[in-house]
Amino acid sequence: QVQLVESGGGSVQAGGSLRLSCAASGRSFSRYDMGWSRQAPGKEREFVGSIMWSDDSTYYADSVKGRFTISRDNAKNTVYLQMNSLKPEDTAVYYCAAKPYYSNKYDVWGQGTQVTVSS
C-alpha cells in the first residue's frame, strides 16, 4: 500500500497559479488511480479531479474544468495538480488520494496542503 505526501501549497493572489505535488511511497504506484479533493472551512470535502492508471484519462469537477490539470509521472511516483486562474473560492486544504486497480474506492489519503487565494 502506498503512502502519500502533498506539497506545493501556499498563498497566491487571484488569477495566479500553483502546482501541487503528491509523492507516493510504496510499490505499484503506476497501478493506482489518483485523485485530488479539497475541503474549505465549514464545507464538506469535494472532488476536484482524478487520473486513471490504465490510460491517464482525467476527470474534473465542473468548478475547476479548464483551469486545473492533473498529470502523473510514474517514474517519480508523483501526481501533480496544476492550478491556473485561481479564485478566492479555490481556497481550501487539498488532499491527494489513491485507489488501487482492484478497488472501487480511494482508501489512501495524504495529510493535505493548504491553498489560500486572496482577492
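The model is predicted: local features need pLDDT of at least 70, side-chain atom pairs count only at pLDDT 80 or more, and totals for chains, interfaces and linings use all residues. Residues are numbered from 1 along each chain as its sequence is written, and side-chain values use heavy atoms, with hydrogens and water left out.

Strands are DSSP runs of E with at least two residues, numbered from the N terminus. Two strands pair if DSSP finds at least two bridges between them. Strand β1 (residues 3-7) runs antiparallel to strand β3 (residues 18-25), and five bridges join them. Here Gln-3 stands opposite Ser-25 in β3. β3 also pairs with strand β8 (residues 78-83), in the antiparallel sense, over six bridges. Cys-22 faces Val-79 in β8.

Ser-50 belongs to strand β5 (residues 46-51). Its relative accessibility is 5%, so Ser-50 counts as buried (under 20% relative accessible area; exposed is over 50%, partly exposed in between; 1.4 Å probe, protein chains only). Neighbours within four places in sequence aside, Ser-50 is in contact with Met-34, Gly-35, Ser-57, Thr-58, Tyr-59, Ile-70 and Tyr-106. Contact means heavy atoms within 4.5 Å.

Trp-53, Tyr-101 and Tyr-102 make a nonpolar surface patch of about 360 Å². Patch residues have over 30% relative accessible area and no salt bridge, and nonpolar side chains are joined within 5 Å, like charges within 9 Å. Areas come from the Shrake-Rupley method with a 1.4 Å probe. A salt bridge is a side-chain nitrogen of Lys or Arg within 4 Å of a carboxyl oxygen of Asp or Glu. Tyr-102 lies in the loop between β9 (92-100) and β10 (108-109). Tyr-102 is exposed, at 61% relative accessible area.

Notes:
Helices (H or I, at least four residues) and strands (E, at least two) are DSSP runs, numbered from the N terminus.
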